[in-house]
Structure formats: C-alpha cells, structure tokens
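Hi,

Here is the structure I promised to pass on. Have a look, and my notes on the helix packing follow below.

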Amino acid sequence: MSTQFVYSGIAIYIIISLFVAFLSKRGEKQNNMVSYFLGNRKLGGFVSALSYSATTYSAFMLVGLAGLTYKGGVGALGFELIYLMGVSLVTFFGPRFWFAGKKYGYITPTEMLGDRYDNRSVAVVSAIASCLFLIPYSAVQLSGIGYLLQGITNNNISYTTGVMIATVMAIVFSYIAGIRSVAWTDSLQALFMIISSTLVVFIAVQYFGGFGSFFGKLAEKKPELLTVPGNGYFSFANFIGMTLPWFFFSLSNPQVSQRMYMPKSLKSMRTMIMGFMLFGLVYTIVAVIWGFTAALQFPDLEKADLATPMILSSGMIHPVLAVIVMVGILAAAISTIDSILLTLSSLFARDVYGNMKKEAKDSAQLLAGKIVIPIIALLAYLFALSEIDLIAMLSVASSAGLLVMVPAIIGTFFWRRGTSKGVLASIIGGGMIVIFLEFWPEFRPFGLASGIWGLTSSTLLFVLVSLFTKAPIDKADEFLGFVNGEIKQLYKP
C-alpha cells in the first residue's frame, strides 16, 4: 500500500480527532483533578460504553488477538470470551465503586484502598505497583501501531517510526482536555472501528466463497486451528494462565476500574456495561475471523502479529477501506494509551505526590499529573522498542502482575478484618513472585503461569498477615456501613 496514502489517512484522523477533542473542552473547565481525570463524574451511558470499549479493545484485538488466533487457533476465542465473562464483575463491584467515589471523593482506585485500610502507604505502594505493570501494557499499544504501519507499508514506515507517531499522538490527546477529550474521541473511534472491521470480515469471507466455504477451507488446510489444544499452543495450563488475569481485568487494571467513578448515574453505568459487552462480543468474533483469514492466506508469517497488516495490504481489501480500518486500529490503540497515561498520572499526582506533599493543593496535584504524562509515555516508548514477539503474551504478563491487587480490592468491600499490612504484604510479595516467574519461567511450579502463583500468593499473604495484625475496624465499619446501606437501598423492592 502507498506510504503516502497511509500518511494521508493518519493526517485526516489527527485533524478530525483534534477537532472533537477541542470541542469537548467547551463549557467545562479542566482546572481540577475531578474534571481533568474523571470528567466531573458526568459521563453519559452511551459515551461511557463507547469509551470503555475503545479503551479496552485496543491494538490487542485486531493485532494481538488476530495474531493469537493465527498462532494458536480457536482457543483464542475462548480466551477472549473469558474476559467478557469477567466484565460481570463490574455489575457487582461497579455500584460499590460508584457510591464510594461519590461519598468520599475518590479520584483513583488506589486512593480508595489507602483510605479504606487507613494507611497512606497502601495508596503509595499500590499506585507504584500499578505503574510498574501498566507501563509494559502501554508499550503493547505502541508496538501494535508499530507492527501495523510497518506491515501495511511493506517496511516503508519503520516499526520505530510507527511507535514514535503513536507516542506523540497519545501525549497530545491526553493534554487537550483530560478524560473528556479521551471519552469524546473514544466514542468516535469505537463506532469507526467496529463498523469498518466488521465490513472487512464480510469482504474477506466472501473472498473465500462465503462462510461455509471459508470454514470448509480452514478445516481442510488448517484443521488444527479449529480444535483445542489444536497445535498444542492452548494447553490447559497455558489457557488457564492466560485467562485468569483476563477474567479479573476489570478490577485489577486501574485504567478500567477508575471508569466506575465516571458515569453520572447508575443507569448510565448499566448502559455502559451492556453496551460494552455487546461491542466486545462482535469485536471478538471479528478479530478471530481475521486471524483465521490470515492463516489461510499467509500460512508462513514470521511474526503472528503481522497477520492483520498482511490482510490489509494484500489486495483482498480495497485500499480505501484498508486505510480506514488501519486508522480505526490506530485510534483504538491511541485511546488505550491515553487512558493509561491519564490513569497513571492521576495515581502519581494523587497517591504518590499527594501523600509526599500532604499539604499539596488540588491544583498542585493536577500540575504534577500533567508533568508526569510525557515521562510515562517516554518509558512506554522505550519499552516498545524492545519489539516483544507476541503482543497478546505481553498483555497477559502485564495483567498477571496487576492480579496481586485483586485480594485487597475484594477485601475493601467484603472483609472488615483486612489490614494495611496485609495489603502491603500481598502487593509487594505477590508482585515480586510474578516478576521473578516472568523473568525465570523455568522456576514456575508445575509449569503454571506467573499470574496463577501471583494471585494465590497475594491472597494467602493478605489473609494471613491480616489475621495477625490490627485492622482499622472503625474505618471499615464506617465505609462498609455506608456502601452496604446504599446497595440495600438500590435493590430494595
């Protein structure tokens, strides 16, 4: 595909997105933490659903999940459907986050942990742990764009150039109007990418003679991709290790759980959840079919993550539609990076800087958050230059590290005996175990993934240390009394 054509598509996307982002600033001042990072807690259901979808379904899907399908087959469909099942956790925890955020003014999920367990160190440590594991996930998005532009232009746009373009764009959109600009551009991007990518599926399937012929040829030429474990990639141990972090993704990843504070009402939150699940089901099927298409058309790719770029540049798809889809994937990845940059900068400003400078005003925290945005982006950029082979695996590894946050989050709402020392032990101890097993996989007991041992160890540490240390019972009773009271009223006949 013409490099000039690709650059023209990117330029048009930038112009339209900048217009929408600046439009989002009208009527709302972005001069405090709540407005900049939470949109004043006023996001409507439709915008929330599309923004949640664009933020979550990023370069991982049409690049990463398609590549995972190319590599391992239909097991990738089950892997992603487990994530959709995990979104049911939002229906259970979402109202609790929302009520607590409105009552206590929380900006970040880690701020809530620090307050609930009555210890500033909990907020600081959990914020630092989130940064540690989310920066590699940010790099996943940059890598996805790098591979996409490299593949679709036949290396005329280098991987490094693609990563650099994505990094600059992410910083710019994050700065314009905070989460409001991200949410508005997300909505545009989500509609854009679901329509264009679904259209490509129908075109690609028709290229092989329709759905019946498509799956018939797949069964004939690549039968191992239609069974589990198929070629052996999705062994039971590997499947569990990959899906466990995905099931808890909506709780463990702060860029997602922070969005539970943003809807203007619980009705808007319900719309967000239902819209997201519908979007996710369609997009999952689309990404998997893309992977199958690449397996039929390009059976010997050197990198599985090049499956999508090869489809778009192969001539199967009209160049105009291919560029539209490319821009949709680019936009989705930028959306996810934006959300992560804003979340991590809010964690730093509120929970690290805010606790170091206890008298820091809201405006000072906001300034600190804005200053750290390009620093986080630079770290993600440097990480992306390592060119990790399979995007899906890096995504799972990052989420495995964040699993150590889950016991403390569950304990926040359901265990009054949980203590700050238990939280610190679970996050630090569990996090170190995950890092060790990721770097030295040969030491994984029974060959099980790091996420399994991270969640197991963090749960045991949280419970055992809490049982032998003093809990902030008064704070727990106040917090749980309020949240449980609101939940009872919510479901009162």
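Helix H3 (residues 45-56) packs against helix H15 (residues 266-297) at about 40 degrees, with the axes 7 Å apart. Axes here are lines fitted to C-alpha atoms, for helices over the stretch in contact, and angles run from 0 to 180 degrees between N-to-C directions. So H3 and H15 are oblique to each other (under 35 degrees would be roughly parallel, over 145 roughly antiparallel, 65 to 115 roughly perpendicular, and the rest is oblique). Their crossing is right-handed, the near helix being turned clockwise from the far one by less than a right angle. On the H3 side, the residues include Tyr52 and Thr56, and they meet H15 residues, among them Met272 and Phe279. By class, this contact has 6 nonpolar, 7 polar and no charged residues.

This is a predicted model, so local features need pLDDT of at least 70 and side-chain atom pairs 80 or more, while totals for chains, interfaces and linings use all residues. Numbering starts from 1 along each chain as its sequence is written, and side-chain values use heavy atoms, without hydrogens or water.

The other pair is H8 (residues 120-152) with H17 (residues 319-356): about 160 degrees, axes 9 Å apart. That makes them roughly antiparallel. The crossing is left-handed, and the contact has 24 nonpolar, 5 polar and 2 charged residues.

Last, Ser450, in helix H22 (residues 450-467). Ser450 counts as buried (under 20% relative accessible area), at 1%. Beyond neighbours within four places in sequence, Ser450 contacts (heavy atoms within 4.5 Å) Ala400, Val434, Leu437, Glu438 and Arg444.

Cheers

Conventions. Helix = DSSP H or I, 4+ residues; strand = E, 2+ residues; numbered from the N terminus. Nonpolar A, V, L, I, M, F, W, Y, C, P; charged D, E, K, R; others polar. Buried < 20%, exposed > 50% of the residue type's maximum accessible area, 1.4 Å probe, protein only.
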